[in-house]
Amino acid sequence: MNALHLMAELIFMPLIAFIVGMMMVLMMRKIAARLQRRIGPPFFQPLYDIVKLYGKDTQISHGLIHDIGIIMAVGGYIGAEILLPVPGMEGIAAKGGVITLSYFLMIPSLGMALGVGQCANPNGSIGISRALTAMLAYDIPFILVVFGAAWHYQSTSLIGMIEYQQMHQWGIVEMPLLAIAGLFALQGMLGKQPFEIYIAPAEIATGPMVEMSGKYMGGLFVMQTFQLYTAGVLYASLFLGGGTSFLTLLPKAFLVVALPMSIAFMFPRYKTEDVIRILWKWPVMLALISLAFIL
Amino acid sequence: MKKELKIIQKERTNPLAHVFDDFISFCQSKSLFMLHYCTGCGAIELPPAMTSRFDMERLGIQPMVTPRQADILLITGYVSIKTLKRVILTYEQMQSPKYVIGICSCTVNGGMYWQSYATAKKLNEYMPVDVYIAGCMPRPEAVMEGLQRLKDNIRNDKKEHKGSAWKDYFNRYDYYLGNQQALFGDDWQTPTDIIAEAKLYDLETEETYGKHTKLLEKHQTPLLPQEMRIK
Amino acid sequence: MTFLDHLFIVVFISLIAISALRNLRIVDKLAPVLYGLILIMLVRMSSVAYGGDVYLSSVSLDLLDFKMHWQFTALSWYFAIITVVAALASAVFMSGDWGRQYREQGGNYGMLQLALIVNVFSMILLLGSGDLLSLFIGWEFVSWASFLMMVLSPTKLAKKSAVKYIVYAMTGAMALMVAIVMIYSVNNSLEFKQIGEVFTQMSTSSQLALVLLFFVAFAIKMGLLPFHLWQAIAYAETPGPGAAFLGAISSRMGMFTIVLVIVQFIGLGGLKQLGISFVNMQTLLAWVAALTTIIPTYIALQQHDAKRLLAWHGVGQGGYMLLGIIMFDSIGSAGGLMHVLNHASYQAALFMTVVAVMYRTGTSDLNKLGGLVTQMPLTFLVMLIGIIGLAGLPPMNGFVSKWLVYRSLLVNGQPLLFVAAVLGTLGTILSVYKLIHNTFLGQLRLEHQNVREVPWSMLVPMLGLSIIVFITGFMPGLILPWIASVQESVGLPVIAHHLGGIEYAKGGLDMIWVSGILFYGFGVGALIFYFLGGKSKRVHQYDNYAGGHFLTSDVRYHYSNNFYPGLMHLIGGWYRGSFKWLENSIVSVVSFFSIFFENIYRAKQPVMLLLIGVVLALFALYRNLGVGA
């Protein structure tokens, strides 16, 4: 890897993630709208929202940590995108692997949690307390899924996993139960209904976002695009064979993100303890059964 | 009685500044987050405007929950004195550019509560209102029409200075504060320091200050941000 | 005279000097200098940590028939450097204003200094032990030295928990002594290498007994399940920097002896042959480790006192160390060993931040703090670095050692242990966020408006430790050669390392790249934040969304009590206190018997006793006479 190539990857991997992520946001809002028999937002709506938020004339800060929290939230994801290999751009995926990536993904959450804490708003703190509890809930099945995949492919590097699947079969064919458990965990990870107790707009005023204005909120919107992209591409790489080019990878990633949204509106919002209960029961059970087959 | 608005034009050195400004105001008109302060019966007209019949989201308007995130403050009915305090607090906690829409006749002139001792008649005496949607109650079509008008105003802000009514609150703070003090008493104070904000964002004029702000200073409990101190 | 002799002499002189001068003011400044000297002595011996020869002491004692001698291997050196750096940091921390305040509040500062040097002395004696007898003597010294530190606090609870500790410690010492006797009875020798030889000669049941006795002794010191109850409260009640020192390293002496005895001489083969198929001693110990990561961590989550929260995490993190080392492969054992240093660095720093907050506010109750970040930003920074390390997130050092442990569990195909380890980590994240949120974030209390940052004498050791936390996370290759020598000296497979991390087929780790990318991300994030957005205005904490409510100082607008209600609602019922119940019932049984025997000894009715004695004697005499006739 020469320096120029690395530079290009450092710039383009997050940029592609951002653009694709915005399209995913659009897709999710469109799906929601269509399910409610609405037309939904125009094509560039995610971009308008972000530009508008960054273009605000005035905005408030509750202190330095509030600012740093947002920087960590966006910056952590920018770093994570570089650890996430996509066709033609492997970044530094080989230096970390999937365990590093899954811990990397906690940095933005920690950053956001710090920023929200500094806001001194109890709604935000309640939201973070619920978000961390939800993280405890969905990370157990998620980590089992990662373990199973890494064991099955005999590699902790996503590149190795994709190569294996290109040579053999897709992971979803070889490990269907594990893939279903992964989808379950994904629903919690993306914070879609029924697992959106930590946003709960009508109850705790969007929880973590309660005091976010202007570019702070914009930062969280950017973070959301990265989050969707990461979830989609990670799942596609683990179970859907990744892709040899963006043309084969992106449809899979979009499909992965579309699924949780499509079923989200069937559910009410679960209480925090029910979120844990359901995520520790069904996906964990599926993953363990699947692991029994794999090991 | 309303004076000509004073728009402060800063010196822009960047040759592309106007392109950027146009782009941003375009995006601002295309993306509006709305906080509805549902005081009265007008709120019932909002669900149809949001849901499948009229679908606000296709105009880029979506509801938000806290004033920090919102661009539009939608006041949907009569404003009692007690409510008005909260409305002003909420308005001041919103971040500029911010727009106020008064729905129903009650916000225009008190409507059927005109004779009530406890109702503030004209909303625009206490905060700059961008669009009034009159009616008792206005149909969702009228609400959509009003929102469209607001969007056009924001788009054409450069030419007609219609979309920056919010600056008036900073530019002529003394006037609004005077009306508020007349209603709530001399020791009226919100947690938001409007004068400091006007100073920080170059929005102050000579009419920002006056006898009412002097009165505020006398009664004000200082609310300076916590400074980070190493020693 | 070898370097090791110099080390012992310097430590001994320090002990004498501090105990002689402990009531004078000069001891404040003298103690850090002495610890610095000890550190220099250790650094002179650093060749041992890079694969050099073992240092032998030229002193040896003949006691009865036993020959006691001392030596410093890579393992001893590794633990010794952690001990001395922790002691140095603690000594600097208490040398200035903290010590003054402690004296003013009636604390016995001289005794605290003395307790610290006694601890260091005894630990170095233990680490330098060259045979089982010197090991046992060092072990006893360490136990009593910790006790000395713990009883310094005047509270009743501290005394009670110190006594509880010493009961546990004596139980452990007895177990150790029995194990040593078992070894001695076979070959009449107390050399370390006898353990391995004797072990192979023993029957399976004796092997099992030996391993269990050793493990019980060491597990008690380390606070592993089911012996975890004594540690947290005892450490939390220890005054200030003493708690930082004890929390950082004291209980890791158990880890040292586990590596020294169980890993080195009994080994994987020895553990695996005890048991049937996959249920063997190794899996048993691994599950003890896994449960130790989970249960104390979730007890920590319940705490609302910052020191106790940290102390419970100290118990929990011990599980990772054992979990790593018990895998017996190169990466797992490296992770377990490395976690000792990493844990010591961030745990000491974290304890110091809590003590610093107590120094300024007088409380460590998490429900009575909040919003201190503006008043104590550097302490906040140290705590932030510390909690990232404790939670095991990149780029701090805790991530590296935990990554190694995870990787090893993955390679060995242990999904349940893996989940247990992750469950521990997630619980840690929840609990440390609660710690930093309730202390430094949220709303500042009215009574803390005038709180200031702590003085430099306290900041310097905290910042120094946090630099260690960061640097060893950024470049684990600084530590990994030591780990590799330790592995080599105890006969474990040696890890392949470079400056940034490890090389491993099928996925290694390079922390320089990982941290570099993280900071690149933060840089881009900062660019976006500062250049793409407009100016922001700092606002007062009462300028806050409250549904249109006007906030005032008389109504607290802060969320700290019962921070995870949803989780506690679900798992709260699982906190049954079974271990506490077990401990209490054992205590009841023992005290019942002790009262019974006490009554007999103390002789409520001496005449009756005399009568019984005479009757028995006569009876015996009669039998004897009868037999004779």
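**View 1. The open sheet of chain C.** In this predicted model, β5, β6 and β7 of chain C form an open sheet of 3 strands, in the order β5-β6-β7, with antiparallel pairing. β5 (497–498) and β7 (509–510) of chain C each have a single partner strand and stand at the edges, so one side of each is left without a neighbour in the sheet. Strand β6 (residues 501–502) of chain C pairs with β7(C) in the antiparallel sense over 2 bridges. Opposite I502(C) stands L509(C) in β7(C). Strands (E, at least two residues) and helices (H or I, at least four) are DSSP runs numbered from the N terminus, and two strands pair if DSSP finds at least two bridges between them. Residues are numbered from 1 along each chain as its sequence is written, and chains are lettered from A and ligands numbered from 1 in the order in which they are written. Because the model is predicted, local features need pLDDT of at least 70 and side-chain atom pairs count only at pLDDT 80 or more, while totals for chains, interfaces and linings use all residues.

**View 2. Helices α16 and α18 of chain C.** The axes of α16(C) and helix α18 (residues 415–440) of chain C come within 9 Å and cross at roughly 170°. Axes are lines fitted to C-alpha atoms, for helices over the stretch in contact, with angles from 0 to 180 degrees between N-to-C directions. The two helices, α16(C) and α18(C), are therefore roughly antiparallel to each other (angle over 145 degrees). Residues in the contact include F380(C), M383(C) and L384(C) of α16(C) and T425(C), T428(C) and I429(C) of α18(C); two residues are in contact if their C-beta atoms, placed from the backbone, lie within 7 Å.

**View 3. The side of chain C that touches chain B.** Here 19 residues of chain C are in contact with 21 residues of chain B. On chain C, α16 (377–391) and β8 (537–538) are the elements that give two or more residues to this side.

**View 4. Strand β5 of chain B.** In strand β5 (residues 99–103) of chain B, 5 of the 5 residues are buried, so the strand is largely enclosed by the rest of the structure. A residue is buried if 20 or more other C-beta atoms, placed from the backbone, lie within 10 Å of its own. Y99(B), I101(B) and I103(B) point one way from β5(B), and V100(B) and G102(B) the other way. Strand β3 (residues 72–75) of chain B runs parallel to β5(B), joined by 4 bridges, and L74(B) stands opposite I101(B). β5(B) also pairs with strand β7 (residues 131–133) of chain B in the parallel sense over 3 bridges; the bridge partner of G102(B) in β7(B) is Y132(B).

Technical notes:
Angles under 35 degrees count as roughly parallel, over 145 as roughly antiparallel, 65 to 115 as roughly perpendicular and the rest as oblique. A residue is buried if 20 or more other C-beta atoms lie within 10 Å of its own, exposed if 12 or fewer, and partly exposed in between; C-beta atoms are placed from the backbone.
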